[in-house]
Amino acid sequence: MKIWWKKLPQVIILLAFLLILPVLALADTIVSSKVSGDIPLDPAWKGWINAKPVTLPLSPQKIAKPYNENPSIKQITIRSLHNGKNIAFALEWKDSSKDSLPKEVSFSDACAIQIPIKNDPATPFYMGKTKKPVILLHWKAVWGEGVVDVPKLYPNVQADWYPNGDKGFNTAEGWKHGKRYLAGYAADNPISTPTHPNGAEELLAEGFGTLTTTPNQNVKAKAVKTENSWKVVFIRPFKGEGSYNPDWAPGKTTLINFAVWDGNKQERGSRKGIVKEWQTLQIQ
Amino acid sequence: MGDVFNWQINRKMPFPYKEHRPAKQAAWVFDLNKCIGCQTCTMACKTTWTCGRGQEQMFWNNVETKPYGFFPLAWDQKLMELLGQQTWKGATYQGKTVFEAGGTSETIGGFLPDEEDWAHPNLGEDETSGTATAGMGFSLPHLIWMYHMPRICNHCTYPACLAACPRKAIYKRSEDGIVLVDQSRCRGYRECMRACPYKKIFYNLVTKVSEKCIGCYPLVEEGDQSRCSEGCIGKIRLMGLKVNPEHYDPANPIDFLVHEKKLALPLYPQSGTEPNVYYIPPLHVPLAPLQQVFGPGAAHAQETYKRVREGKEPEIQALLHLFGCTHQILGKFQIQGEMAIGYDASGKEIVKVPLREPIHLRKRFDAERDVARLNIT
């Protein structure tokens with residue numbers, strides 16, 4: 001008769017390992033759970049309870065100068081859901097100041113999601129590189145503030161006259177009328193439009209300094225600020241109309257990364273807090 | 001970062017792009033002996049370019065009184081602190097340029113001014129270096145002094161703003177070296193604003209991108225000088241197109257004053273950006289503060305200007321008379337006897353002025369109107 005119990009320790013170890021394995025895999029994996037029906041663009045939606053949150057630490061950006069040796073935001077919590085057609089992300093982080101109206105030397109709070117176009121781990125997680133593009137879904141607090149006219153920033157400003165300023169500058173129509181002296185707007189800079197109805201921007205990059213707004217925009221975002229935090233929800237179809245789309249779909253796994261900027265600490269551009277490696281997004 | 005040669009500091013220094021000079025470089029000479037701080041240049045520029053919404057706080061051209069005026073506040077004091085000890089060995093700068101003052105986490109040493117630093121462009125205007133005390137008399141240099149310093153973007157050969165932009169949204173035109181912010185490419189990071197040692201990049205509050213002096217390039221393309229130069233009622237300014245310092249043309253007005261006679265000097269050459277607005281230093285100001293601002297050439301420039309006043313530099317005198325006499329850019333100038341002649345880039349004569357203003361004496365009694373004249377010259 002086999003003395004089966006002599007092999008018992010190995011069996012126990014093997015069983016324990018097999019049990020832990022899926023847990024280990026899930027520790028850094030963001031699971032996008034499937035829900036049925038529409039996902040509203042609403043950070044307060046009760047449906048977010050169905051998403052398992054993953055909290056990731058944010059690291060200094062010391063890859064491309066100017067560095068951010070000490071990012072203001074230390075961690076970010078990610079949730080994701082999808083309904084087969086659209087995928088949604090909820091990003092949440094602690095920030096006690098609301099920086100949504102950038103003034104002379106202040107910047108907007110912001111966050112971004114980065115996904116490689118091809119699910120290739122050789123794509124650098126720091127903005128991709130030539131022939132290894134990444135897509136960015138970018139939110140800025142200022143894009144939720146409507147038409148940002150000067151009195152919104154400096155209520156006591158006095159000025160006597162503006163050329164073509166007779167329609168004012170607190171409406172999109174007023175900006176169109178006064179376009180001659182709004183150079184960024186006249187140059188079709190996406191940063192300079194009077195309104196940002198999507199609340200977010202979709203961009204492509206192939207390395208530092210190549211960030212470009214794509215001609216077709218499919219992402220939308222909405223944010224809510226509590227006293228101590230921001231919660232931002234992004235929604236985008238898996239296959240954006242006329243867009244560059246990552247290689248993602250229900251049932252697939254892809255790489256994903258995140259960045260956050262605290263406007264209060266003059267964080268912008270490369271001065272950001274980043275998640276230091278590619279994370280895994282598992283779309284159920 | 002590679003190394004480029006900067007003639008103003010007479011040595012190589014780091015810069016993120018290859019050494020390159022445009023065939024012609026837009027450049028200006030301002031005679032600080034004549035600036036009265038009337039701010040007409042400021043109004044000319046503002047009325048033309050920065051009277052839009054979001055541009056209220058911008059002064060692409062500003063005039064600040066030295067020693068106690070600045071726009072933005074203390075910009076040059078902070079630059080001096082940033083660079084640390086600034087010694088020269090003859091014509092060679094021994095200290096750090098902004099490209100060497102970045103420390104470990106920055107490519108370029110710089111700072112973002114505080115919001116309120118932009119709010120008081122007239123602070124210190126007309127303030128003198130000290131107060132007059134009983135018994136003070138006239139001397140040269142003045143015992144207490146002040147001078148007006150008009151400033152625009154220097155359209156540097158090695159712009160710190162261009163070097164700082166992570167998106168290459170700032171470029172230097174190959175036809176005339178004018179430095180511009182690409183309005184469609186800028187995303188408002190303001191790294192340029194942080195890096196510019198002269199603080200001549202501004203942020204548009206509504207378009208949320210950065211803007212700067214455009215060197216009036218639409219006028220330059222027509223062969224005309226910038227609005228600020230043309231508008232100057234004191235005729236202190238001359239805008240031109242200078243060429244490569246290694247083989248400059250002494251008939252070119254800017255080259256003549258900068259390279260041949262070394263009368264016009266760059267502003268804070270120790271910044272390392274090789275600025276292209278050149279100043280004739282004021283005679284009434286003591287040498288030490290001028291050496292800090294204009295470098296080791298300040299003494300020679302003052303001596304040269306004195307010689308002009310003594311009639312010993314007729315060519316310089318002729319050229320100074322051509323300032324403010326035409327809206328066109330002078331490609332060449334010449335002295336012919338008692339006349340100063342200016343030519344455009346193609347060599348066509350465009351202006352002729354006498355070195356001495358002719359005086360006509362009229363009769364004391366105006367017979368036609370049956371009245372005595374109060375003034376006869």
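This is a predicted model: local features need pLDDT of at least 70, side-chain atom pairs count only at pLDDT 80 or more; totals for chains, interfaces and linings use all residues.
**Interface of chain B and chain A**

- The contact between the chains involves 40 residues of chain B and 45 residues of chain A, and the area buried between them is about 3600 Å², with carbon and sulfur atoms giving 54% of that area.
- Across this interface the rule finds 6 salt bridges, and it also finds 20 residue pairs in polar contact, both residues being at pLDDT 80 or more.
- On the side of chain B that touches chain A, at least two residues each are supplied by α1 (40-49) and α4 (191-195) of chain B, and the residues of that side divide into 13 nonpolar, 14 polar and 13 charged.
- One of the salt bridges joins the side chains of B:E191 and A:R268, at 3.7 Å from N to O.
- A network of salt bridges links A:R268, A:R271, B:E106, B:E191 and B:R194.

- A:R271 is placed in the loop between β11 (253-261) and β12 (273-274) of chain A, and it counts as buried because its relative accessibility is 9%, under the 20% limit.
- The side chain of A:R271 is joined to the side chain of B:E106 by a polar contact of 2.7 Å, and a polar contact with the side chain of B:E191 is likewise given at 2.7 Å.
- When residues up to four places away in sequence are not counted, A:R271 touches A:P66, A:Y67, A:N68, A:W261 and A:Q266 in chain A, together with B:E106, B:E191 and B:R194 in chain B.

**Helix α2 of chain B**

- The buried residues of helix α2 (residues 75-83) of chain B are B:W75, B:D76, B:L79, B:M80 and B:L83; because they cover an arc of only 135 degrees around the axis, they lie on the same side of α2(B).
- An α-helix has 3.6 residues a turn, so residues three or four places apart point the same way.
- The partners against which the buried residues of α2(B) pack are β4 (62-66), β6 (92-93), β7 (147-151) and α8 (287-294) of chain B.

**Salt bridges within chain B**

- Over all chains, the count by this rule comes to 32 salt bridges.
- The side chains of B:K78 and B:D117 meet in a salt bridge of 3.2 Å, N to O, and this pair links distant parts of the chain, since B:K78 is in helix α2 of chain B and B:D117 is in the loop between β6 and β7 of chain B, 39 residues apart.
- A salt bridge of 3.0 Å, N to O, is formed by the side chains of B:D176 and B:R173; B:D176 counts as buried at 4% relative accessibility, and B:R173 counts as buried at 9%.
- In the salt bridge of B:D366 with B:R373, the closest N and O atoms are 3.6 Å apart; B:D366 is buried, with a relative accessible area of 9%, while B:R373 counts as partly exposed at 23% relative accessibility.

Note on methods: Residues are numbered from 1 along each chain as its sequence is written. Chains are lettered from A and ligands numbered from 1 in the order in which they are written. Side-chain values use heavy atoms; hydrogens and water are left out. Contact means heavy atoms within 4.5 Å. Buried area is the accessible area (1.4 Å probe) that two parts lose on being put together, summed over both. A salt bridge is a side-chain nitrogen of Lys or Arg within 4 Å of a carboxyl oxygen of Asp or Glu. A polar contact is a pair of N or O atoms within 3.5 Å; within protein, one must be able to donate a hydrogen and the other to accept it, and residues adjacent in sequence count only if both atoms are side-chain atoms. Helices (H or I, at least four residues) and strands (E, at least two) are DSSP runs, numbered from the N terminus. Ala, Val, Leu, Ile, Met, Phe, Trp, Tyr, Cys and Pro count as nonpolar, Asp, Glu, Lys and Arg as charged, and the others, Gly among them, as polar. Buried means under 20% relative accessible area, exposed over 50%, partly exposed in between (1.4 Å probe, protein chains only). The arc is that of the directions from the helix axis to the C-beta atoms.
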